[in-house]
Amino acid sequence: MSVENSQKTKGFPWDIPRTRPDRPLSRAMERLYSNYPTPRPEDNPLFTSFKYTRITGFDYGLEDGRVSRRDPSKIICDNGKYYVWYTKRDTISPPSGAEFCSDDIPSTDWDLSDIWYATSLDGFHWEEQGIAVPRPNKPKPGWRSVSTPDILLWKGKYYLYYQAFEEPSGLKGDHCPVSVSSADSPDGPWTPCADAVIPNGAPGEWDQYSIHDPYPIVINGKIYVYYKAAFGDKPDCLVGNGVAIADDPLGPFVKHPLNPVLNSGHETTVFRFGNGVAAFAIRNGIESNTIQYSPDGINFDIAAVTSLMPVGAGPYIPDVFISEGQGKGFTWGLAHFCDHDKPDRKFSFLGRFDCDLRNKFPRSNIANNTEIKWGPDAFFSQGLSEEIKALRAREAREEAISKENTSSDSVEDN
Ligand code: AAL
(Lines give C-alpha, C1' and ligand atoms only; values in the text may rest on other atoms or scores of the structure.)
Protein backbone atom coordinates (compact mmCIF):
# COMPACT_ATOMS: atom_id res chain seq x y z
CA MET A 1 0.00 0.00 0.00
CA SER A 2 1.36 3.44 -0.90
CA VAL A 3 2.07 5.87 1.96
CA GLU A 4 -0.71 8.09 0.63
CA ASN A 5 -3.28 5.29 0.68
CA SER A 6 -2.23 4.13 4.11
CA GLN A 7 -2.90 7.72 5.36
CA LYS A 8 -6.40 7.53 3.88
CA THR A 9 -7.25 4.29 5.65
CA LYS A 10 -6.00 5.49 9.06
CA GLY A 11 -8.54 6.83 11.57
CA PHE A 12 -9.46 10.50 11.39
CA PRO A 13 -6.75 12.70 13.00
CA TRP A 14 -6.91 13.56 16.71
CA ASP A 15 -6.54 17.31 16.24
CA ILE A 16 -8.99 18.66 13.70
CA PRO A 17 -7.18 19.50 10.44
CA ARG A 18 -7.70 23.15 9.52
CA THR A 19 -8.22 22.28 5.87
CA ARG A 20 -10.09 19.36 4.36
CA PRO A 21 -8.01 16.22 4.71
CA ASP A 22 -7.55 14.14 1.57
CA ARG A 23 -9.66 11.17 2.61
CA PRO A 24 -13.26 10.00 2.34
CA LEU A 25 -15.48 11.94 4.78
CA SER A 26 -18.92 11.37 6.22
CA ARG A 27 -21.58 13.92 5.22
CA ALA A 28 -21.22 15.71 8.57
CA MET A 29 -17.44 16.02 8.32
CA GLU A 30 -17.64 17.02 4.68
CA ARG A 31 -20.05 19.76 5.65
CA LEU A 32 -17.66 21.02 8.31
CA TYR A 33 -15.19 21.84 5.55
CA SER A 34 -17.49 22.81 2.71
CA ASN A 35 -20.36 24.70 4.39
CA TYR A 36 -18.60 26.74 7.05
CA PRO A 37 -15.85 29.36 6.83
CA THR A 38 -13.61 27.16 9.04
CA PRO A 39 -14.09 23.83 10.85
CA ARG A 40 -13.27 25.18 14.35
CA PRO A 41 -15.78 27.58 15.94
CA GLU A 42 -12.98 29.62 17.47
CA ASP A 43 -11.56 30.35 14.00
CA ASN A 44 -14.94 31.13 12.48
CA PRO A 45 -15.39 34.91 12.50
CA LEU A 46 -19.16 34.48 12.35
CA PHE A 47 -19.37 32.22 15.40
CA THR A 48 -20.16 34.00 18.64
CA SER A 49 -22.01 33.45 21.86
CA PHE A 50 -23.94 36.30 23.51
CA LYS A 51 -23.65 37.93 26.92
CA TYR A 52 -26.37 40.10 28.44
CA THR A 53 -26.33 43.12 30.77
CA ARG A 54 -29.22 45.06 32.27
CA ILE A 55 -29.00 48.74 31.35
CA THR A 56 -29.91 51.74 33.46
CA GLY A 57 -31.82 54.93 32.80
CA PHE A 58 -35.22 53.71 31.63
CA ASP A 59 -38.30 53.93 33.84
CA TYR A 60 -40.95 51.21 33.52
CA GLY A 61 -43.28 52.60 36.23
CA LEU A 62 -44.72 49.80 38.33
CA GLU A 63 -43.65 47.18 35.78
CA ASP A 64 -47.31 46.29 35.50
CA GLY A 65 -47.43 46.20 31.70
CA ARG A 66 -48.46 49.81 31.09
CA VAL A 67 -45.04 51.02 29.93
CA SER A 68 -43.10 49.05 27.35
CA ARG A 69 -40.01 49.61 25.24
CA ARG A 70 -39.06 47.21 22.47
CA ASP A 71 -37.61 46.65 18.99
CA PRO A 72 -34.57 48.93 19.25
CA SER A 73 -33.09 50.27 16.03
CA LYS A 74 -29.47 49.92 15.07
CA ILE A 75 -27.39 52.20 17.24
CA ILE A 76 -25.47 55.08 15.70
CA CYS A 77 -22.71 57.25 17.11
CA ASP A 78 -23.13 60.95 16.44
CA ASN A 79 -22.36 64.22 18.27
CA GLY A 80 -20.09 62.24 20.64
CA LYS A 81 -22.85 59.93 21.86
CA TYR A 82 -24.78 56.81 20.94
CA TYR A 83 -28.38 57.06 19.70
CA VAL A 84 -31.12 54.43 19.63
CA TRP A 85 -34.77 54.61 18.54
CA TYR A 86 -37.43 52.18 19.72
CA THR A 87 -41.13 51.47 20.13
CA LYS A 88 -42.50 52.95 23.35
CA ARG A 89 -45.95 52.26 24.71
CA ASP A 90 -47.34 54.19 27.69
CA THR A 91 -50.98 53.16 28.01
CA ILE A 92 -53.69 52.96 30.67
CA SER A 93 -53.50 49.17 30.78
CA PRO A 94 -51.37 46.25 29.59
CA PRO A 95 -52.23 44.71 26.20
CA SER A 96 -55.62 43.02 26.25
CA GLY A 97 -55.76 41.24 22.89
CA ALA A 98 -57.57 42.54 19.81
CA GLU A 99 -60.95 41.40 21.16
CA PHE A 100 -60.88 43.74 24.16
CA CYS A 101 -58.84 46.66 22.85
CA SER A 102 -60.22 50.19 22.52
CA ASP A 103 -58.98 53.66 21.64
CA ASP A 104 -57.00 53.59 24.89
CA ILE A 105 -56.47 49.91 25.59
CA PRO A 106 -53.76 48.28 23.48
CA SER A 107 -54.29 44.99 21.68
CA THR A 108 -50.63 43.96 21.62
CA ASP A 109 -47.42 45.13 23.24
CA TRP A 110 -46.68 47.34 20.17
CA ASP A 111 -50.19 48.74 19.70
CA LEU A 112 -50.89 52.42 20.59
CA SER A 113 -47.15 53.14 20.54
CA ASP A 114 -44.90 55.95 19.37
CA ILE A 115 -41.25 56.07 18.38
CA TRP A 116 -38.96 57.41 21.08
CA TYR A 117 -35.21 57.80 21.30
CA ALA A 118 -32.46 57.72 23.90
CA THR A 119 -28.76 58.54 24.02
CA SER A 120 -25.81 57.12 25.93
CA LEU A 121 -22.13 57.87 26.45
CA ASP A 122 -21.09 54.29 27.23
CA GLY A 123 -23.84 51.95 25.98
CA PHE A 124 -24.76 50.87 29.54
CA HIS A 125 -26.50 53.95 30.91
CA TRP A 126 -29.13 55.56 28.68
CA GLU A 127 -31.08 58.78 28.86
CA GLU A 128 -34.46 58.93 27.22
CA GLN A 129 -34.65 62.12 25.15
CA GLY A 130 -38.31 62.12 24.13
CA ILE A 131 -40.55 61.29 21.25
CA ALA A 132 -39.07 61.18 17.75
CA VAL A 133 -42.08 60.17 15.64
CA PRO A 134 -45.57 60.39 17.15
CA ARG A 135 -48.66 58.70 15.76
CA PRO A 136 -50.08 60.91 12.99
CA ASN A 137 -53.73 61.88 12.88
CA LYS A 138 -56.32 59.47 11.51
CA PRO A 139 -56.60 58.37 8.69
CA LYS A 140 -52.87 58.68 7.92
CA PRO A 141 -51.06 55.32 8.12
CA GLY A 142 -49.67 54.95 11.62
CA TRP A 143 -52.65 56.69 13.33
CA ARG A 144 -53.20 53.59 15.45
CA SER A 145 -49.54 52.86 16.22
CA VAL A 146 -46.04 53.50 14.93
CA SER A 147 -43.46 50.90 15.89
CA THR A 148 -40.28 48.97 15.17
CA PRO A 149 -38.10 51.79 13.78
CA ASP A 150 -34.73 51.62 12.13
CA ILE A 151 -32.31 54.29 11.03
CA LEU A 152 -30.54 55.21 7.81
CA LEU A 153 -27.96 57.95 7.34
CA TRP A 154 -27.84 58.93 3.67
CA LYS A 155 -26.11 61.95 2.12
CA GLY A 156 -26.10 63.86 5.42
CA LYS A 157 -29.78 63.26 6.25
CA TYR A 158 -31.35 60.83 8.70
CA TYR A 159 -34.27 58.57 7.83
CA LEU A 160 -36.39 56.50 10.20
CA TYR A 161 -38.31 53.58 8.69
CA TYR A 162 -41.11 52.15 10.84
CA GLN A 163 -44.28 50.08 10.87
CA ALA A 164 -47.39 52.26 10.46
CA PHE A 165 -50.55 50.55 11.73
CA GLU A 166 -53.98 51.53 10.46
CA GLU A 167 -55.82 49.12 12.77
CA PRO A 168 -55.10 47.44 16.10
CA SER A 169 -52.50 44.79 15.55
CA GLY A 170 -54.02 41.34 15.97
CA LEU A 171 -57.41 42.32 14.55
CA LYS A 172 -56.87 40.46 11.29
CA GLY A 173 -53.22 39.66 11.81
CA ASP A 174 -50.24 41.92 12.38
CA HIS A 175 -50.82 43.83 9.17
CA CYS A 176 -49.10 47.12 8.37
CA PRO A 177 -47.16 49.05 5.74
CA VAL A 178 -43.86 50.93 6.32
CA SER A 179 -43.59 54.73 6.55
CA VAL A 180 -40.54 57.00 6.61
CA SER A 181 -39.71 60.24 8.39
CA SER A 182 -36.56 62.29 7.81
CA ALA A 183 -34.52 64.82 9.79
CA ASP A 184 -31.35 66.87 9.45
CA SER A 185 -30.14 65.80 12.89
CA PRO A 186 -30.59 62.62 14.95
CA ASP A 187 -32.30 64.86 17.52
CA GLY A 188 -34.96 65.75 14.96
CA PRO A 189 -37.35 67.32 14.27
CA TRP A 190 -38.65 64.42 12.15
CA THR A 191 -40.89 65.09 9.18
CA PRO A 192 -43.05 62.30 7.76
CA CYS A 193 -42.08 61.97 4.11
CA ALA A 194 -43.45 58.74 2.65
CA ASP A 195 -46.14 56.19 3.41
CA ALA A 196 -46.16 52.57 2.27
CA VAL A 197 -42.66 53.12 0.92
CA ILE A 198 -42.16 49.39 0.46
CA PRO A 199 -45.36 48.11 -1.08
CA ASN A 200 -47.00 44.96 0.20
CA GLY A 201 -46.87 41.93 -2.07
CA ALA A 202 -49.70 41.17 -4.50
CA PRO A 203 -52.62 39.10 -3.13
CA GLY A 204 -51.43 35.60 -2.34
CA GLU A 205 -47.75 36.54 -2.11
CA TRP A 206 -45.70 35.90 1.06
CA ASP A 207 -45.60 39.61 2.04
CA GLN A 208 -49.15 40.51 0.99
CA TYR A 209 -50.19 41.79 4.43
CA SER A 210 -47.13 42.97 6.27
CA ILE A 211 -43.74 44.49 5.82
CA HIS A 212 -42.21 44.20 9.29
CA ASP A 213 -38.92 45.16 10.92
CA PRO A 214 -37.69 47.45 8.08
CA TYR A 215 -33.90 47.55 8.45
CA PRO A 216 -31.89 49.76 6.04
CA ILE A 217 -28.20 49.28 5.30
CA VAL A 218 -26.02 50.56 2.48
CA ILE A 219 -24.30 48.13 0.11
CA ASN A 220 -22.29 49.29 -2.91
CA GLY A 221 -23.97 52.69 -3.02
CA LYS A 222 -27.52 51.37 -2.83
CA ILE A 223 -30.03 51.27 0.01
CA TYR A 224 -31.02 47.74 0.97
CA VAL A 225 -34.04 47.57 3.29
CA TYR A 226 -34.37 44.08 4.76
CA TYR A 227 -37.77 43.22 6.17
CA LYS A 228 -39.71 40.28 7.49
CA ALA A 229 -43.13 38.82 6.84
CA ALA A 230 -44.74 35.72 8.34
CA PHE A 231 -45.75 32.88 6.07
CA GLY A 232 -49.52 32.45 6.45
CA ASP A 233 -49.62 34.84 9.44
CA LYS A 234 -47.92 32.31 11.71
CA PRO A 235 -44.95 34.34 13.00
CA ASP A 236 -44.30 31.82 15.76
CA CYS A 237 -43.58 29.09 13.24
CA LEU A 238 -41.97 30.26 10.08
CA VAL A 239 -41.03 33.70 8.88
CA GLY A 240 -39.25 34.88 5.78
CA ASN A 241 -36.95 37.85 5.34
CA GLY A 242 -36.78 39.73 2.07
CA VAL A 243 -35.01 42.78 0.75
CA ALA A 244 -36.09 45.82 -1.25
CA ILE A 245 -33.43 47.94 -2.96
CA ALA A 246 -33.45 51.64 -3.90
CA ASP A 247 -31.18 54.49 -5.00
CA ASP A 248 -33.06 56.98 -2.87
CA PRO A 249 -34.35 56.64 0.72
CA LEU A 250 -37.89 57.41 -0.44
CA GLY A 251 -37.75 54.84 -3.21
CA PRO A 252 -38.84 53.50 -5.52
CA PHE A 253 -37.90 50.26 -3.73
CA VAL A 254 -37.59 47.20 -5.93
CA LYS A 255 -38.06 43.88 -4.20
CA HIS A 256 -35.46 41.30 -5.10
CA PRO A 257 -36.95 38.59 -7.34
CA LEU A 258 -35.42 35.87 -5.13
CA ASN A 259 -37.27 37.10 -1.99
CA PRO A 260 -37.51 35.75 0.65
CA VAL A 261 -33.73 35.63 1.03
CA LEU A 262 -33.77 34.13 4.54
CA ASN A 263 -36.10 31.30 5.48
CA SER A 264 -36.05 32.02 9.25
CA GLY A 265 -35.61 34.93 11.65
CA HIS A 266 -38.29 36.94 13.39
CA GLU A 267 -36.51 40.28 13.46
CA THR A 268 -33.99 41.65 10.98
CA THR A 269 -30.34 42.16 11.88
CA VAL A 270 -28.10 42.37 8.82
CA PHE A 271 -24.58 43.75 8.43
CA ARG A 272 -21.82 43.93 5.87
CA PHE A 273 -19.12 41.47 6.86
CA GLY A 274 -15.81 41.01 5.04
CA ASN A 275 -16.62 41.15 1.34
CA GLY A 276 -20.20 40.03 1.86
CA VAL A 277 -23.25 40.44 4.06
CA ALA A 278 -24.15 38.52 7.23
CA ALA A 279 -27.52 38.16 8.95
CA PHE A 280 -28.99 36.84 12.20
CA ALA A 281 -31.77 34.28 11.99
CA ILE A 282 -33.37 34.67 15.41
CA ARG A 283 -36.30 32.85 16.98
CA ASN A 284 -38.66 31.45 14.39
CA GLY A 285 -38.08 29.04 11.55
CA ILE A 286 -36.08 25.91 10.84
CA GLU A 287 -32.80 27.82 10.73
CA SER A 288 -33.34 29.92 13.83
CA ASN A 289 -30.27 30.38 16.04
CA THR A 290 -27.96 30.69 13.09
CA ILE A 291 -25.73 33.42 11.73
CA GLN A 292 -25.70 33.39 7.96
CA TYR A 293 -23.42 34.77 5.30
CA SER A 294 -23.92 35.73 1.67
CA PRO A 295 -21.44 37.11 -0.84
CA ASP A 296 -24.12 39.42 -2.27
CA GLY A 297 -26.73 40.14 0.44
CA ILE A 298 -29.11 37.79 -1.34
CA ASN A 299 -27.85 34.19 -1.29
CA PHE A 300 -27.32 33.27 2.35
CA ASP A 301 -25.84 30.06 3.79
CA ILE A 302 -25.54 29.07 7.43
CA ALA A 303 -22.10 30.15 8.68
CA ALA A 304 -22.56 29.37 12.36
CA VAL A 305 -25.11 27.80 14.69
CA THR A 306 -25.34 29.44 18.11
CA SER A 307 -27.85 29.94 20.92
CA LEU A 308 -29.58 32.51 23.12
CA MET A 309 -29.52 35.10 20.36
CA PRO A 310 -30.67 38.63 21.15
CA VAL A 311 -34.32 39.27 20.32
CA GLY A 312 -34.95 42.26 18.06
CA ALA A 313 -31.22 42.96 18.06
CA GLY A 314 -30.16 46.51 17.20
CA PRO A 315 -26.34 46.46 16.97
CA TYR A 316 -23.85 49.30 16.96
CA ILE A 317 -22.11 48.70 13.63
CA PRO A 318 -19.41 51.38 13.30
CA ASP A 319 -19.17 51.15 9.49
CA VAL A 320 -22.84 50.49 8.73
CA PHE A 321 -23.34 53.39 6.36
CA ILE A 322 -20.00 53.00 4.62
CA SER A 323 -21.01 51.08 1.60
CA GLU A 324 -17.69 49.71 0.31
CA GLY A 325 -14.62 47.88 1.63
CA GLN A 326 -14.42 45.10 4.19
CA GLY A 327 -17.34 45.00 6.63
CA LYS A 328 -15.77 44.99 10.10
CA GLY A 329 -18.66 43.55 12.14
CA PHE A 330 -19.64 44.56 15.67
CA THR A 331 -19.43 43.68 19.36
CA TRP A 332 -22.55 45.03 21.07
CA GLY A 333 -26.06 46.36 20.76
CA LEU A 334 -29.46 46.53 22.42
CA ALA A 335 -32.21 43.92 22.33
CA HIS A 336 -35.61 43.55 23.96
CA PHE A 337 -36.74 41.17 26.68
CA CYS A 338 -40.21 40.14 27.77
CA ASP A 339 -41.44 38.09 30.70
CA HIS A 340 -43.81 35.72 28.94
CA ASP A 341 -44.86 34.12 32.24
CA LYS A 342 -46.82 37.27 33.07
CA PRO A 343 -49.35 37.52 30.23
CA ASP A 344 -51.69 39.80 32.22
CA ARG A 345 -49.03 42.48 32.66
CA LYS A 346 -46.98 41.96 29.58
CA PHE A 347 -44.39 44.53 28.62
CA SER A 348 -40.94 44.51 27.08
CA PHE A 349 -37.79 46.24 28.21
CA LEU A 350 -34.46 47.06 26.61
CA GLY A 351 -31.17 45.45 27.59
CA ARG A 352 -27.68 45.17 26.20
CA PHE A 353 -26.05 42.23 24.42
CA ASP A 354 -22.36 41.73 23.78
CA CYS A 355 -20.83 39.36 21.27
CA ASP A 356 -17.69 39.07 19.19
CA LEU A 357 -18.45 39.49 15.53
CA ARG A 358 -15.36 41.51 14.76
CA ASN A 359 -13.88 40.44 11.51
CA LYS A 360 -10.39 40.25 13.00
CA PHE A 361 -8.21 38.15 15.31
CA PRO A 362 -7.46 37.57 18.14
CA ARG A 363 -11.03 37.31 19.36
CA SER A 364 -12.34 37.36 22.91
CA ASN A 365 -13.56 34.26 24.73
CA ILE A 366 -17.15 35.27 23.86
CA ALA A 367 -16.24 33.88 20.45
CA ASN A 368 -15.15 30.46 21.80
CA ASN A 369 -18.05 29.63 24.04
CA THR A 370 -20.02 26.93 22.22
CA GLU A 371 -21.85 25.79 25.33
CA ILE A 372 -24.08 27.81 27.57
CA LYS A 373 -24.45 25.98 30.86
CA TRP A 374 -28.15 26.19 31.61
CA GLY A 375 -29.30 25.50 35.18
CA PRO A 376 -32.12 22.99 35.78
CA ASP A 377 -34.65 25.84 36.08
CA ALA A 378 -34.17 26.72 32.42
CA PHE A 379 -35.04 23.15 31.40
CA PHE A 380 -37.98 22.61 33.75
CA SER A 381 -39.43 26.02 32.93
CA GLN A 382 -40.24 24.36 29.60
CA GLY A 383 -42.77 22.02 31.23
CA LEU A 384 -45.37 19.82 29.55
CA SER A 385 -48.96 20.99 29.80
CA GLU A 386 -51.07 18.80 32.14
CA GLU A 387 -53.02 17.63 29.10
CA ILE A 388 -49.94 16.42 27.18
CA LYS A 389 -48.48 14.94 30.35
CA ALA A 390 -51.63 12.83 30.89
CA LEU A 391 -51.64 11.82 27.22
CA ARG A 392 -47.95 10.80 27.26
CA ALA A 393 -48.48 8.79 30.48
CA ARG A 394 -51.50 7.00 28.96
CA GLU A 395 -49.57 6.21 25.76
CA ALA A 396 -46.67 4.81 27.81
CA ARG A 397 -48.99 2.61 29.93
CA GLU A 398 -50.74 1.29 26.80
CA GLU A 399 -47.41 0.60 25.09
CA ALA A 400 -46.13 -1.29 28.15
CA ILE A 401 -49.32 -3.40 28.31
CA SER A 402 -49.20 -4.18 24.60
CA LYS A 403 -45.48 -5.15 24.84
CA GLU A 404 -46.29 -7.40 27.78
CA ASN A 405 -49.11 -9.06 25.83
CA THR A 406 -46.91 -9.52 22.76
CA SER A 407 -44.12 -11.10 24.80
CA SER A 408 -46.49 -13.46 26.66
CA ASP A 409 -48.08 -14.38 23.27
CA SER A 410 -44.69 -15.28 21.84
CA VAL A 411 -43.78 -17.33 24.95
CA GLU A 412 -47.02 -19.24 24.49
CA ASP A 413 -46.26 -19.65 20.74
CA ASN A 414 -42.98 -21.33 21.67
C1 AAL B 1 -41.66 42.51 16.72
C2 AAL B 1 -41.40 42.74 15.25
C3 AAL B 1 -42.53 43.57 14.67
C4 AAL B 1 -43.84 42.87 14.89
C5 AAL B 1 -43.96 43.00 16.37
C6 AAL B 1 -43.61 44.44 16.56
O7 AAL B 1 -40.70 41.91 17.44
O8 AAL B 1 -41.22 41.55 14.58
O9 AAL B 1 -42.68 44.72 15.49
O10 AAL B 1 -44.88 43.55 14.24
O11 AAL B 1 -43.00 42.10 16.97
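**View 1. A charge over the ring of Y60.** In this predicted model, the charged end of R69 sits over the ring of Y60, with 4.6 Å to the ring centre. Y60 also takes part in an aromatic pair with F347. The two ring centres are 5.8 Å apart. The planes meet at 40°, so this pair is tilted. Distant parts of the chain are linked here: Y60 and F347 are 287 residues apart. Y60 lies in the loop between β1 (51-54) and β2 (67-70). F347 lies in the loop between β20 (327-338) and β21 (348-358). Are these two residues buried or exposed? Y60 has 10% relative accessibility and counts as buried, because the cut-off is under 20%. F347, at 11%, counts as buried too.

**View 2. Aromatic rings around F271 and F273.** A pair of aromatic rings is described by the distance of the centres and the angle of the planes. For F271 and F273 the centres are 6.0 Å apart. The angle between their planes is 90°, and the pair is edge-to-face. F271 is buried, with a relative accessible area of 0%. F273 is buried as well, at 4% relative accessibility. Both belong to one aromatic cluster, together with F50, F280, F330 and F353. Across the whole structure, a search finds 24 aromatic pairs.

**View 3. The largest nonpolar core.** In soluble globular proteins, nonpolar side chains tend to be buried together. The largest nonpolar core here has 34 residues. Which members touch the most other members? They are I217, Y226, F271 and F280. The elements that give two or more residues to this core are β11 (212-219), β12 (222-230), β13 (239-246), β15 (270-274), β16 (276-281), β18 (301-305), β20 and β21. Strand β16 gives the largest share, four residues.

View 4. Residues up to four places away in sequence are not counted for I217. Its remaining contacts include K74, K222, I223, Y224 and Y226. I217 also touches V270, F271, V277 and V320.

View 5. Strands of a sheet pair through backbone hydrogen bonds, either parallel or antiparallel. In this sheet the order is β7-β8-β9-β10, and the pairing is antiparallel. Which strands form the edges? They are β7 (145-154) and β10 (191-194), each of which pairs on one side only. On average, neighbouring strands are turned by 35° against each other, direction ignored. Strand β9 (residues 178-183) and β10 pair over three bridges. V180 has A194, in β10, as its bridge partner.

**View 6. P189 in the loop between β9 and β10.** The loop between these two strands holds P189. Is P189 buried or exposed? Its relative accessible area is 71%, so P189 counts as exposed. Leaving aside neighbours within four places in sequence, P189 is in contact with S182 and A183. How far is P189 from K88? The two are 101 residues apart in sequence and 18 Å apart in space, C-alpha to C-alpha.

Note on methods. Residues are numbered from 1 along each chain as its sequence is written. This is a predicted model: local features need pLDDT of at least 70, side-chain atom pairs count only at pLDDT 80 or more; totals for chains, interfaces and linings use all residues. Side-chain values use heavy atoms; hydrogens and water are left out. Rings of Phe, Tyr and Trp (its six-membered ring) pair if their centres lie within 6.5 Å; planes under 30 degrees apart count as stacked, over 60 as edge-to-face and the rest as tilted. Buried means under 20% relative accessible area, exposed over 50%, partly exposed in between (1.4 Å probe, protein chains only). A charge sits over a ring if NZ of Lys or CZ of Arg is within 6 Å of the ring centre and within 35 degrees of the ring normal. Two strands pair if DSSP finds at least two bridges between them. Axes are lines fitted to C-alpha atoms, for helices over the stretch in contact, and angles run from 0 to 180 degrees between N-to-C directions. Contact means heavy atoms within 4.5 Å. A nonpolar core is a set of buried Ala, Val, Leu, Ile, Met, Phe, Trp, Tyr and Cys residues joined through side-chain atoms within 4.5 Å.
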